[in-house]
Amino acid sequence: MKLQPVRTIHSLVSRCISHLSRQCYDVIVVGGGHAGTEAAAAAARMGAETLLVTQKIHTIGALSCNPSLGGVGKGHLVREVDALDGLCGRAGDWAGINFSILNRSKGPAVWGPRAQLDRQRYREFIQGELRSISRLTVLEGSVEDLLVAEPSPDEPGSHRVTGISLENVLNPITASSVVLTTGTFLSGSIFVGQTTSPGGRIGDAPSSAGLSHTLKERLGLRVGRLRTGTPPRIVKESVDFALAELHPPDRRPTPFSFMNTHTRCKVEEQVPCYLTYTTPGVERVVQESLHLNCHIQQDTKGPRYCPSIESRVLRFPGRSHQVWLEPEGVTSDLLYPQGLSMTMPPEMQLRLIREIPALHRAEIHSPGYGVQYDYVCPTQLSSALQVKTTQGLFLAGQINGTTGYEEAAAQGLWAGVNAACRALSTPPVSLSRTESYIGVLIDDLVCRGVTEPYRMFTSRAEFRTALRPDNADLRLTPKGYELGCVSPSRYQEAMRVQRSLQDAMAALQALTLSTARCREKLPDVRVSESKNAALTGMELLQYKELSFETLASVFPERLSSYLEFSQRLKIEAVYKPHCDINKKEIERIQKEENMFLPQDIDYFSLPASLSQEAREILDRVRPTTLGAATRLEGITPAAVVSLYNYVQFAEKKGENGQQKTTRSK
């Protein structure tokens, strides 16, 4: 597929409220980061008139921290967002300058597609894509508060959000659904050394205090506090690369998007990364600056898997830590030192980085800093990412306690889909953890909540051999098309791929070879001497040393027409036994997830054998399905059985009542 050129966003923008063509929308999205852009784009693709409100137009699609996309677990999310016609995968293919597959030494199910990005190219692509979407308007402004009204009697909930009010603007803007994607801006505070200032990112103001007050006081939501940080940016010319390890990208860039066969960046144009390590001098500077670092002294939870250098030194004294020197763009003169997030005073930051051999003459362009911000405890959300007690209010991204662009984009897309469903009077939709990493992410958030910023890993998925990066299109594109968020062209391409793979696997299954013929035709394949039964083509591909290309060269008349899908067919064959074993377990979980628990259940008076602790947990979280209840911490197998029996009894009672009603007519 051909990569599309970038268009500018300026003709799309309404910089002033008076320029808006309407004061009422189906969906309003607050925030222009990864969650907000995906939410707005998805809602508009679904057919909803959508307004995206952001503080600064030019920061839409900005990479606030690391200029990269994907990785282990995170790359799966990017592929799934792309399969649902999201933006970030295609943006990564356009802006990527260093592509690699992480975890390649392990099985394909846990490979992690990743790319270093050119910041400017990525922002330009996202803005250009938003411009091309019909029914989407972008407004530059600051949201002062939510409009809150009495709830509709037709839906569960204590409140109803009907729109937003803007700072210094008299007339509010109304909508059926509002999606909040405030990132680190909700009551955000920036920390550098002993200095604190309001904001969610250097140079930008925090969100309105009225918004935080409404969430906590008027809507009664439980709100917590989290922290994150970013490293100083280093002037590239001041780095001694001879003292660092060169790490070139993959020889053949692998696109994120199923619609792209290549990336914009050619093989020879890719930019390398470099690896270096901390020294005892780094630890000494950290210890000497602790009394000057108020961010690190506080007990607000930070990201476990992307900690500051101060946190690493304090938790693991005496160790050497990796520092990756990553390019910020093709023409940028800056480097991003991944692994050196820090919040000490700027002069101490310079001392610290110069303790690293490759950075002994380094100059800092801008210092690192920390951010603390409010988040809403995500157990208060449904699987549609709507606040359970507030009709029409959806949350996505870091406001739900997650960290990372990919997690934000995934939530944003799904919140946008459901916000549009509500506005267009269609039922909410959910993704099962048996069918996607997005489902795993949302289920973990709404069922288990967070105590620290949540990051996606492949280990969080029970069925990762089925939820692979290579098959996200087959798993999700048909569902997305049925919902209305996937274009006909993407759906047709997914169907072409599906038919071709089915035909190829049928041809492989029909190809059978005796062990003697295997050794004759495929001498490099080590088939056991004791194996007597004939082997099919699918079974032969399970041997590590045999590729589909080799098999097709031996049987060209049967297989050569499927060479386009060589890697995918190899992966399908390797994981077929695992997927067959998991099938019954997946069906059981899906059955439990189809057993809905009414949201108005009084768990304290429920005639079931439940402990007081179980009743309190169920009442607080209010899981929407039996499957969600099984994953709550503190809910025992005995409690699940009691709930199952109650649901079965209630369903039978409902059916009998319906039959009686029918007979009385």
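Salt bridges, each defined as a side-chain nitrogen of Lys or Arg within 4 Å of a carboxyl oxygen of Asp or Glu, come to a count of 33 in this structure. The model is a predicted one, in which local features need pLDDT of at least 70 and side-chain atom pairs count only at pLDDT 80 or more, while totals for chains, interfaces and linings use all residues. Residues are numbered from 1 along each chain as its sequence is written, and side-chain values use heavy atoms, with hydrogens and water left out.

Side chains of opposite charge can pair when their charged atoms come close.

| Salt bridge | N to O distance |
|---|---|
| Glu80 and Arg475 | 2.9 Å |
| Arg448 and Asp444 | 3.2 Å |
| Glu564 and Arg496 | 2.8 Å |

The salt bridge between Glu80 and Arg475 connects distant parts of the chain, since Glu80 belongs to helix α2 (residues 74-83) and Arg475 to helix α12 (residues 472-483), 395 residues apart. Helices here are DSSP runs of H or I with at least four residues, strands are runs of E with at least two, and both are numbered from the N terminus. Relative accessible area, taken with a 1.4 Å probe and protein chains only, sorts residues into buried (under 20%), exposed (over 50%) and partly exposed (in between). Glu80 is buried at 0% relative accessibility, and Arg475 is buried as well, with a relative accessible area of 17%.

Arg448 and Asp444 are four residues apart in helix α11 (residues 437-448), so about one helical turn separates them. Arg448 is partly exposed at 46% relative accessibility, whereas Asp444 is buried at 4%.

In the salt bridge of Glu564 with Arg496, Glu564 lies in the loop between α17 (556-559) and α18 (566-593) and Arg496 lies in helix α13 (residues 488-510), so that the pair ties together parts 68 residues apart in sequence. Glu564 is exposed, its relative accessible area being 54%, while Arg496 is partly exposed at 28%. Elsewhere, salt bridges with shared partners join Arg433, Asp443, Asp444, Arg448, Glu462 and Arg631 into one network.

A nonpolar core is a set of buried Ala, Val, Leu, Ile, Met, Phe, Trp, Tyr and Cys residues joined through side-chain atoms within 4.5 Å. The largest such core has 129 residues, of which Ile28, Leu146, Ile164, Leu180, Leu215 and Leu393 touch the most other members. Helix α10 (residues 405-423) gives the most to this core, contributing twelve residues. Leaving aside neighbours within four places in sequence, Ile164 is in contact (heavy atoms within 4.5 Å) with residues including Ile28, Val30, Val53, Asp145, Leu146 and Pro172. Another core, of 26 residues, lies apart from the largest one and has Val497, Ala504, Leu546 and Leu559 among its members.

Strand β11 (residues 189-192) is covered on both faces, with Ser189 and Phe191 buried on one side and Ile190 and Val192 buried on the other. Two strands pair if DSSP finds at least two bridges between them. Strand β11 runs antiparallel to strand β20 (residues 369-376), to which three bridges join it, and it also pairs with strand β12 (residues 195-198) in the antiparallel sense over four bridges. Phe191 has Gly370 as its bridge partner in β20 and stands opposite Thr196 in β12. The hairpin of β11 and β12 has two residues between the strands, and there Gly193 takes a positive phi near 60°.
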